[in-house]
Amino acid sequence: MAALGWLPPRRRSATARSVLAGEAAAEAARKTSRQLQLLAEPEAEFPVRGDVRAAAFFDLDNTVMQGAALFHFGRGLYKRKFFQRRELARFAWQQTWFRLAGVEDPEHMQDARESALSIVRGHRVSELMTIGEEIYDEYMADRIWPGTRALAQAHLDAGQKVWLVTAAPVETATIIARRLGLTGALGTVAESVDGVYTGRLVGEPLHGPAKAEAVRALASKEGLDLERCAAYSDSHNDIPMLSLVGHPYAINPDAQLRRYAREREWRLRDYRTGRKAAKVGIPAAAGVGALAGGTVAAVALHRRRR
């Protein structure tokens, strides 16, 4: 994707970078959207069938997919000799840490940003998309939570659009969305010129406030009523995003989110133990999300050895 007025972070405030990242993600999602009808029946009362001003937004890591998308992507890159074994060990440790802790470390996030950008710099977007398709089949397809996928299908069968919202690269997120039959994906947008990655981001990683800006921008362009929309996530990190919608769900929640959701009587579902989803009260306006998996998993990605 060509630069959308990209400037180095030091020349933009955090808020401005969040807005830029959100708008870039929304535009990328609209260009790559695809809408398919699936088989699952909707719930009795929600989502509302035929409500075209409603949509659903799903976090990816530990909400739709077990673990972090970038960790699985990294395994595929290692297999293709993009980096060495010692880096893979560090990569695996970061994934394990994320799955146990459920939160990101600020230093990991910064390291992840630099590493992820360095590995794609100079590579063609089409090359990474082709590799991403192969990696999905190898490492991701069997790690989709059936329960969360059924929720997404219910929205689709009700005639609503369904979007992934993730800090993972928009190209990776788009592949996953397409394979699951979703409408499209909002993800971190890496700058590209003439189809080649420059090694810079458009704005910042799609995390926290940036996710909220992406959802808000997309809703405006799509003519959605956010009070009629739903959002699903596993982490407390995306409260800014899910506070926009009228129907927040805590999916496989971390400890902070579980406590937060119970206090506000949000709906809660946990597929990790196989127990039947628990519904907690009525929908409210707030929520959760997760950059952690995508960003800390990317920490082991370094420039390809030449």
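Is lysine 211 buried or exposed, and what is its relative accessible area? Lysine 211 turns out to be buried, with a relative accessible area of 0%. That value comes from a predicted model, so please read everything below as computed from that model. The residue belongs to helix H8, which covers residues 209-222.

## The overall picture

Let us step back to the whole chain. The protein has 306 residues, and 58% of them count as buried. Its secondary structure comes to 11 helices and eight strands. Among contacts with a separation of 6 or more, 72% are between residues 24 or more positions apart.

## Around strand E2

Strand E2 spans residues 161-169 and is mostly covered, with seven of its nine residues buried. On one hand, E2 is joined to strand E1 (residues 55-58) by four bridges, and these two strands run parallel. In this pairing, alanine 55 stands opposite lysine 161 of E2. On the other hand, E2 pairs with strand E3 (residues 184-188), again in the parallel sense and over four bridges. Here tryptophan 163 is the residue opposite glycine 184 in E3. From E2 the chain passes through H7 to reach E3, making a right-handed β-α-β crossover.

Helix H7 takes in residues 170-179, and glutamate 171 is part of it. This glutamate counts as buried because its relative accessibility is 14%, and the cut-off for buried is under 20%. Which residues does glutamate 171 touch, once its neighbours within four places in sequence are left aside? Its contacts are Val125, Met129 and Tyr197.

## Around strand E7

Five of its five residues are buried, so the strand is largely enclosed by the rest of the structure. Both of its faces are covered: one side carries His247, Tyr249 and Ile251, while the other carries Pro248 and Ala250, and all are buried.

E7 also has strand partners. Strand E6 (residues 230-233) pairs with E7 in the parallel sense over four bridges, and tyrosine 232 stands opposite tyrosine 249 in E7. Strand E8 (residues 267-269) runs parallel to E7 and is joined to it by three bridges. In that pairing, isoleucine 251 faces arginine 269 of E8. Together with helix H10 (residues 255-263), E7 and E8 make a right-handed β-α-β unit.

The loops on the way are worth a look for their backbone angles. Asparagine 252 lies in the loop between E7 and H10, and its phi is near 50 degrees, a positive value in a residue other than glycine. Glutamate 265 sits in the loop between H10 and E8, and it has a positive phi of about 55 degrees although it is not a glycine. As for accessibility, asparagine 252 is buried at 2%, whereas glutamate 265 is partly exposed at 47%.

## Glycine 76 in helix H2

Helix H2 (residues 69-79) contains glycine 76. At 0% relative accessibility, this glycine counts as buried. Leaving aside neighbours within four places in sequence, glycine 76 is in contact with Ile135 and Tyr139. Its C-alpha is 8.3 Å from that of glutamate 134, which is 58 residues away in sequence.

The accessibility values of the residues discussed here are gathered below.

| Residue | Relative accessible area | Class |
|---|---|---|
| Lysine 211 | 0% | buried |
| Glycine 76 | 0% | buried |
| Asparagine 252 | 2% | buried |
| Glutamate 171 | 14% | buried |
| Glutamate 265 | 47% | partly exposed |

Finally, a word on empty space. Rolling a probe the size of a water molecule over the atoms shows where such space is left. How many cavities of 30 Å³ or more does a search of the whole structure find? The search finds two. The second largest cavity holds about 40 Å³ of space. Its lining is made up of Val64, Thr148, Arg149, Ala152, Leu180 and Leu182.

How values were computed. Residues are numbered from 1 along each chain as its sequence is written. This is a predicted model: local features need pLDDT of at least 70, side-chain atom pairs count only at pLDDT 80 or more; totals for chains, interfaces and linings use all residues. Side-chain values use heavy atoms; hydrogens and water are left out. Buried means under 20% relative accessible area, exposed over 50%, partly exposed in between (1.4 Å probe, protein chains only). Contact means heavy atoms within 4.5 Å. On a 1 Å grid over the protein atoms alone, a cavity is a set of points where a 1.4 Å probe fits but cannot get out, and a pocket is an open set with protein on both sides within 12 Å along at least five of seven lines; lining residues have an atom within 4 Å of a point. Grid points are joined across faces, edges and corners, and a volume is the space filled by probe spheres set on the points. Two strands pair if DSSP finds at least two bridges between them. A crossover is right-handed if, with the strands pointing away from the viewer, the path from the first strand over the helix to the second runs clockwise.
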